[in-house]
Amino acid sequence: MNHYRLGLIGIAMLITPIVYLPRFFIEARFTGAIPAIILAAMTGSLISIWFLHSMKQSRGLTVLEVIKKQVPSYLGWPLHVCMSITGYVGGALVLITMSSVTMRFINPTMDIHVLLLCFLLAGGWSALRSSRALMFGMEYWILLCVPLLFFLWFKSVSNTMFDWDAVLMLTDYVKITPSWQLIFVGSFIFTGFISFYVFKEAAKWQASIHEAWMIPLAGVIVFCGFFFIPFGVHGTQAVEHYNYIWMNTADSIQLKHGMIERGVFIYLAVYMIISLLFISISWYSAAAWLMNGVLASAAYSPKKTRRIQQLVVVVMTVVAFAGGHYMNEQQLFLFTKYWFFARFIVDVILVWIVGSAVKRSKLSL
Amino acid sequence: MITIGELSRTVKKAMDSSDFKTARLQHKHEELLVYYYESLCDLKVLRERISAPLVKRSEEQTFTEVLQSELGCEEVHDVSEVVEKLLRGCIVIYVKDHVFVLQALKVLTDQVREATVEASIEGPHYCLTENLHMNLNLIRQRYPSKDLTAKEKVLGRISNTKLILLYHEGLVQAEVLAHIEQQLSRIDVDLIQSHGQLEALMTKKKYRLFPLMLNTERPDRIALNLAQGKVVILLDGIPSALIAPAVFYDFISAVDDTTQSFFVSHSIVLLRYMALLITITLPALYIAIVSYNPEIFRVQLAVSIAGSRASVPYPSFVEVFIMMFIIETLIEASIRLPKYIGQAATTVGGLILGQAAQQAGLVSSIMIIVTSMVAIVNFVIPINAMSYAMRVVKYPFILLSMFFGITGIIVALFCFSMYLANMESFGQPYFKLFVGEKSATGYKHKETS
């Protein structure tokens, strides 16, 4: 088992409350959220397992190397560009959301541009680190953040005011046909890591059967935590009144004897770190997709490649800043929804192309 | 064959020095000329190994034969080597067109003394000396392995400083050794005087914050690292060694961690990491709590901080800068000053820090606690170089918390960890969770993939 690959799978699951995923499902709580997640878990896990299986055939190569070797360039080129764009946009969306969350819950008097700048500088700078640095950083931050997150979940659920009836009431809405959109959104939990499969460290050891069953299991646990706990805290009706549902849920946690009394501060600290990790990893991988797609034919020196990478990050920073300036929260929410759809389609196409290319090359051997 | 004319032409420049001596020794038909630096050579050697044999030798034996049988005495065939040998503490003997050199360096710096920088309670107490050969002796005593290889090199155009590269053949990683040797061969300076200088010359990156090599004065730590397959660099005249490649964990561990039981030593290491976190974030947290988010901690704490700050006219960051300046100068002064004045300086400084600053309304009483806490926890870090680096690291944190509050601190922590993770020590990762180092003592964690 490769803990870097597990980390990448984990980071895509953990980022979900920042990209409004619980809110999408909470809004559809009476119109098929639960069947949607069951279907999403099935399709998402199947896609990821197919992907991991085709990667297993290639023996420790990253997805970029597999595409370079086995996919014709007229297919590979547009694929690279699409993956790169979804990667950059994903990072930028997380960044803008996190800045507005921070402004609302920690620094209400601060201008959002200042916070945007802070996150952009940190995210952009870390996206330019080496792949090894990102993997090591991810490893220890996840090991530090996940127990804290579980602790907060535990504190929420163990509260005497936690209303289990509200949670159990949702079982009444199991037999409803869900919308396709919700399945697309939900499958992100299970397939989110695919575009991150560009790290050499994460591809090094071959996937085993354990990772295959871990994806649906961990995904469902993460989803249940983020989806059901708000119902127990806010009730089935009030739960839709919040924009950042998990911030308000965490704000209801009181640590009576803790040094920090309000759970929301721990939650925010954990999520700032996870967001920064997500931003740097997705921007790093987006750069890798772009470099291998558009600039693969031109053999640049390492120094020049680095310059181009820096330039792309600077451009991306400016675009994200402009996005943060012009978009309001409603637009951001809508845009995130479209991003989920686009990402799902691109991921499916990628897995299909890679899967069939690997299969074909195996047959020709 | 070297004629007397050639020899005297070669040493002519040295003759201007007052400590350069020439002597003519004569006994019966034998006559020899002796050249040496009085300041470098041990005259006892001259007396016992040249004068005495000259007088005592039997008739049939020539003095050349006597010298040939002397240990540490060799014949020189190239006259250009003579000056260098003289400067290295040799006595040059000219006898019947033959030139011999006899090693007679007077060594005054090989006294083994107790470790002062890396003191330990239960571990061994003696540390390296300023003499290269004595150090090698100390290490070989602790590490009697036939695989322990020592390679001598000379660095510095003027200083000609001797350097010994030590490693365990078979355990050392070949690419690391090659990398280190390549970096050493690139060094081209006049003078090499310190480990810090050598480390800076060996690393390509000019702007660097953290030490990439471990600087230690303890032979037991050196032996441990040799067994872990690391390379040790000893420099003549310096009572400590450089170890490469180093990982972050090395700087946080002390040698006598292994003398305690498992839970004790691991708790102490954990304590050090906590101290590390406190020393870099506490002043920044003070600013963030006072100026941005007093509600993070309990209301009572917020009120008492506000109360203690009632008389302070400045914003919190000015307060922090005042106190940090005082404590940093105090630490610096107590290192540089002679012992007797140093005590006075710390007493006066302690008074300022203790009560006066607070009573004058310059800083709050909580800030005094923060300042002293930062200083104390910084001393917990066992390796001096790392503790210095951490003194600097807290300032970026202070700056970021000034501008962005608690968000700035979290972002700074993230960037700090990424900076460390991005570092490499001679091609090896520097800051990694599962280091995967060889456990030589059977004490560290087992290797993980």
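Before I show anything, one definition: two strands pair if DSSP finds at least two bridges between them. With that in mind, please remember throughout that what we are looking at is a predicted model.

Strand E1 and strand E2, which covers residues 30–37 of chain B, are joined by 8 bridges and run antiparallel. If you look for one place along this pairing, you will find B:Gln26 standing opposite B:Glu31 in E2(B). These two strands belong to an open sheet of 5 strands in chain B, whose order is E1-E2-E4-E5-E3 and whose pairing is antiparallel. Which strands stand at the edges? They are strand E1 (20–27) and strand E3 (73–76) of chain B, and each has a single partner strand, so one side of each is left without a neighbour in the sheet. On average, and with direction ignored, neighbouring strands of this sheet are turned by 25° against each other. Across E1, E2, strand E4 (90–95) and strand E5 (98–103) of chain B lies helix H2, made of residues 43–56 of chain B, and this helix runs at about 20° to E1(B).

Now let us turn to chain A, whose secondary structure comes to 16 helices and 0 strands. Its C-alpha atoms fill a box of roughly 60 × 45 × 35 Å, taken along the principal axes. A compact globule with 365 residues would have a radius of gyration near 21 Å, and chain A, with 20 Å, agrees with that. Of the 365 residues of chain A, 50% count as buried. Among the contacts in chain A with a separation of 6 or more, 88% come from residues 24 or more positions apart.

As one example of a helix here, take H1, residues 3–14 of chain A, which has 12 residues and reaches 16 Å from its first C-alpha to its last, close to the 16 Å expected at 1.5 Å a residue. Is H1(A) mostly covered or mostly uncovered? It is mostly covered, since 11 of its 12 residues are buried, including A:His3, A:Tyr4 and A:Leu14.

Finally, we come to the place where the chains meet, a contact that takes 24 residues from chain A and 22 residues from chain B. On the side of chain A that touches chain B, the elements giving two or more residues are helix H6 (112–127), helix H7 (131–158) and helix H14 (263–293) of chain A. H7(A) gives the most to this side, with 6 residues. The residues of that side of chain A divide into 15 nonpolar, 5 polar and 4 charged.

Key
Residues numbered from 1 in each chain as written. Chains lettered and ligands numbered in written order. Predicted model: local features only at pLDDT ≥ 70, side-chain atom pairs only at ≥ 80, totals over all residues. Helix = DSSP H or I, 4+ residues; strand = E, 2+ residues; numbered from the N terminus. Expected span 1.5 Å × (residues − 1). Buried ≥ 20, exposed ≤ 12 C-beta atoms within 10 Å, placed from the backbone. Contact = placed C-beta atoms within 7 Å. Nonpolar A, V, L, I, M, F, W, Y, C, P; charged D, E, K, R; others polar. Axes fitted to C-alpha atoms, helices over the stretch in contact; angles between N-to-C directions. Rg over C-alpha atoms; globule rule 2.2 N^0.38 Å.
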